[in-house]
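Welcome! Take a moment to look over the sequence and the model, and then we will walk through some of the features together.

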Amino acid sequence: MADQLPRREAVVLRGHEGPVLAVRFNSDGNYCISCGRDRVLCLWNPQKGLRIKSYNAHAREVRDVAVVADNSKFCSCGADRQLFYWDVPTGRVIRKFRGHDSEVNTVKFSENSTVIVSGGYDRSVRAFDCRSHSIEPIQVIEAFSDSVTSLCMTRTEIIAGSVDGSIRTFDIRAGRYCSDDLGHPINSVALSHDGKCTLAGCLDSTLRLIDRETGDLLQEYKGHINKSYKTDSCLTNTDAHVVGSSEDGRIYYWDLVDSSVVSSFKAHASAVTSIAYHKTEPMLVTSSIDGTVRVWTP
């Protein structure tokens, strides 16, 4: 139902000094964490508009953040080449992982939250064990010819998008991988909730829906502007609509099947850098170069 899509501004979260580069919900959606060019991570209650805590340790801008399933810890990455593994309540850095030779763009946890996977400018994907005391990667995947921009995970797979135009899926259990070449630089990948499709955001201002089993292009979504910024795209919690962000500050909703734009609205004063959709409720959070995080409801 298009009239149930979140597009009413409920709360504006202010606290970052400068562009906000990513925002992510925790596993139950009661909180969200944002990170930015000010090197700070902020934990928010999006319903109440409250900043609960700030986390400082990175030496340069923070690019991405991921939260473990039980919400007790999170991991962040950034331009300082480091991965920081944090304790949420105390704000303490449990471990600093190293291994990337350049800036780190993206980070995710495995389904059981025991492994951190990251991708970066050094054209690699690296996996780190949260349970051991080692700060070195347990696995390094160097199958890319350009920067790795985005990751998503299944129980047995790592799915990575790259500026080289490829989505590469690594089956960790079977020890093999496959590649889908989209022919355009990719800056975001997301999975449909049924796990059957990958949504790729490309720098030719097009989102592409790929059948995971066959690699076929199922649909393309256009109307937004995405040519120079790293930004996010995703599906709504029902998989009925595709959500994309635009460099002119707008948010777009497309019908998944026929790719028509069902809604578009001005969300920010400048480029939208990140979006996250609540797992169970029609709620969207967005971040922007304009320095704000905004919460949207129907």
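## An enclosed space

A cavity is a set of grid points where a 1.4 Å probe fits but cannot get out, and its lining residues are those with an atom within 4 Å of a point. Keep in mind that what you are looking at is a predicted model. Searching the whole structure turns up one cavity of 30 Å³ or more, and the largest cavity holds about 40 Å³ of space.

Which residues line the largest cavity? They are Asn187, Ser188, Gly201, Leu207, His224, Asn226, Thr231, Asp232, Ser233, Gly244 and Ser245. By class, this lining has one nonpolar, nine polar and one charged residue. Two strands, S18 (186–191) and S23 (241–245), each give at least two residues to it.

## The largest pocket

The largest pocket contains about 1,200 Å³ of space. Its lining is made of 43 residues, and those nearest the centre are Arg24, Lys108, Cys152, Met153 and Lys279. Several strands supply two or more residues each: S2 (20–25), S6 (62–67), S10 (104–109), S14 (148–153), S18, S22 (233–235) and S26 (272–277).

Which strand gives the most to this lining? That is S14, with five residues. Sorted by class, the lining of the largest pocket comprises 18 nonpolar, 17 polar and eight charged residues.

## The second largest pocket

The second largest pocket has a volume of about 410 Å³. It is lined by 22 residues, with Arg63, Asn105, Tyr121, Tyr229 and Lys230 lying nearest its centre. Here the lining divides into eight nonpolar, seven polar and seven charged residues.

Strands S2, S6 and S18 each provide at least two residues of this lining. S2 gives the most, with three residues.

## Cysteines without partners

How many disulfides does a search of the whole structure find? It finds zero. Cys75, for one, is in no disulfide, and the nearest cysteine sulfur, that of Cys77, is 7.0 Å away. Cys75 is buried, because its relative accessible area is 0%, and buried means under 20%.

## A closer look at Thr198

Thr198 sits in strand S19, which covers residues 197–202. Is Thr198 buried or exposed? Its relative accessibility is 4%, so Thr198 counts as buried.

What surrounds Thr198, leaving aside its neighbours within four places in sequence? Its contacts are Ile159, Ile167, Val189, Ala190, Leu191, Arg208, Leu209, Ile210 and Arg212.

Residues 55–96 are 0% helix and 55% strand, and their end C-alpha atoms lie 14 Å apart. For residues 97–129, the end C-alpha atoms are 9 Å apart, and the span is 0% helix and 55% strand.

Terms used
Residues numbered from 1 in each chain as written. Predicted model: local features only at pLDDT ≥ 70, side-chain atom pairs only at ≥ 80, totals over all residues. Heavy atoms only, no water. Disulfide = S-S within 2.5 Å. Buried < 20%, exposed > 50% of the residue type's maximum accessible area, 1.4 Å probe, protein only. 1 Å grid on protein atoms, 1.4 Å probe; cavity = no way out; pocket = protein on both sides within 12 Å on 5 of 7 lines; lining within 4 Å. Points joined across faces, edges and corners; volume = space filled by probe spheres on them. Helix = DSSP H or I, 4+ residues; strand = E, 2+ residues; numbered from the N terminus. Nonpolar A, V, L, I, M, F, W, Y, C, P; charged D, E, K, R; others polar. Contact = heavy atoms within 4.5 Å.
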